[in-house]
Amino acid sequence: MIIQHVCQFLESFAPLRLAEQWDNVGLIAGNRQGDVKNVMTCLTITAETADEAIAKAADLIVSHHPLPFVPIKKLTTDNVPSELLWKLANAGVSVYSPHTAFDSAATGINQTIADMIGANGPKPLAALIDDAAGLGAGRYGKLSSPMSVLDFAEVLKKEFGLSALRCVANASGQVSKVAVACGSGGSFLDKAVRVGCDAMVTGEATFHTCLDAKAKGVALFLLGHYTSERFAIEKLADEIKKEFPRLNVWASADESDPISTC
Ligand SMILES: [Zn+2]
C-alpha cells in the first residue's frame, strides 16, 4: 500500500474541486510512492499531534486544516509551521489535508451537521456552478417543524456534547430554516439571509458578524471552531479504515481544544 492509494481515496471522498480557491488541499508534504501502514487523522497539526504521529510511527497524517496554510519560503526551525513540517519530514510522515473539500463533500462536515440538527433536504449555501453532483459550500435546510430558539439550542448542546452555547438570538424567537457552516463560517451569513434562513449554526464569528446577524434578525449559534469540526475527525478515520482494512488508522488521541473556560 502506498500513500497515493490513500490520496486517491480521499480525493474521491472529498473531491478537491470542492475546495475554496484560497485553500491549500491535497497531499501537502510527502512521497506519493512511499509505503503506508499507519495513518493518523487530526483537526490540526500542532506540537501535540505531530509528536503523537511520530511516537506512533504514522506514515501519513490526514489533517483537516492544512499545514502550511499560507506559503512559507524556508523550511527551518525558526517558526512554528516550518518547524513542525521539518520535524514531520525528518520522521518520514506525509501530510494530506482535505479541508474545505471535506467541509463541502456529499458526506462531509456541513452535510453531517445538517443531518445531526434535523435540517431536511440540505442544499449548499454556495452551490458550485455547473457541478453535476449539485455540491458546494455550507448547507441549509428546513426543520420538520419550527422550534423555539431555546429548544433548538438544546438540540445543538445535546448533539455536540456542550453544557453551554454562545449565541446571538432573541430567546423568544423561532427557528425554522437553518444554515450550517462549520469552522469560521461568518462569511456565509449573507448567503443564509438570501435563501431565507432564520438561523445559522457555525463554529465562530467576529463581533461585527454577530452584530450583523442581530440586525438582520438571524439567530446565530456559535459551537466553537473545534467543536464544529472535531467530531468529523473520527468519521474521517473510520472512512479510511473502511476503505483500507489492512491499514492501522486512528484519530488523534492527544488533540484538544486550545480554548477553555476558566
Ligand atoms: Zn476549521
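**Figure 1. Overall view of the chain.** Buried residues account for 41% of the 262 residues in the chain; a residue is called buried if 20 or more other C-beta atoms lie within 10 Å of its own, exposed if 12 or fewer, and partly exposed in between, with C-beta atoms placed from the backbone. The model is predicted: local features need pLDDT of at least 70, side-chain atom pairs count only at pLDDT 80 or more, and totals for chains, interfaces and linings use all residues. Residues are numbered from 1 along each chain as its sequence is written. The chain holds nine helices and 13 strands, defined as DSSP runs numbered from the N terminus (helices H or I, at least four residues; strands E, at least two). The C-alpha trace spans about 55 × 45 × 35 Å along its principal axes.

Figure 2. The chain is divided into domain 1 (3-98) and domain 2 (106-227), with bounds from an automatic or database domain assignment. Their C-alpha centres lie 29 Å apart. Four residues from domain 1 and four residues from domain 2 make the contact, where two residues are in contact if their C-beta atoms, placed from the backbone, lie within 7 Å. The largest nonpolar core has 70 residues, and those with the most contacts inside it are Leu-60, Ile-61, Val-178, Ala-179, Met-200 and Leu-220. Such a core is a set of buried Ala, Val, Leu, Ile, Met, Phe, Trp, Tyr and Cys residues joined through C-beta atoms within 7 Å. Strand β10 (residues 174-184) supplies the largest share of this core, six residues. Both domain 1 (3-98) and domain 2 (106-227) give residues to this core, so it lies between them.

Figure 3. Six strands form an open sheet in the order β5-β8-β10-β11-β12-β9, with mixed pairing; two strands pair if DSSP finds at least two bridges between them. Because β5 (120-123) and β9 (166-168) stand at the edges with a single partner strand each, one side of each is left without a neighbour in the sheet. From one strand to the next, the twist averages 30°. β11 and strand β12 (residues 219-222) run parallel and are joined by four bridges. Val-201 stands opposite Phe-221 in β12. Helix α9 (residues 225-243) packs on the sheet, where α9 touches β10 and β11, and its direction makes about 80° with that of β10. Axes are lines fitted to C-alpha atoms, for helices over the stretch in contact, and angles run from 0 to 180 degrees between N-to-C directions.

**Figure 4. The surroundings of Cys-197.** Cys-197 is found in the loop between α7 (189-194) and β11 (199-204). This residue counts as buried because 26 C-beta neighbours lie inside 10 Å. Residues up to four places away in sequence aside, Cys-197 touches Tyr-140, Lys-177, Val-178, Ala-179, Ala-192 and Val-218.

**Figure 5. Helix α5 and its cover.** In helix α5 (residues 109-116), the buried residues are Ile-109, Asn-110, Gln-111, Ile-113 and Ala-114. Their cover includes α4 (99-104), β5, β8 (139-148), β10, β11 and α9. Gly-118, with a positive phi near 80°, follows α5.
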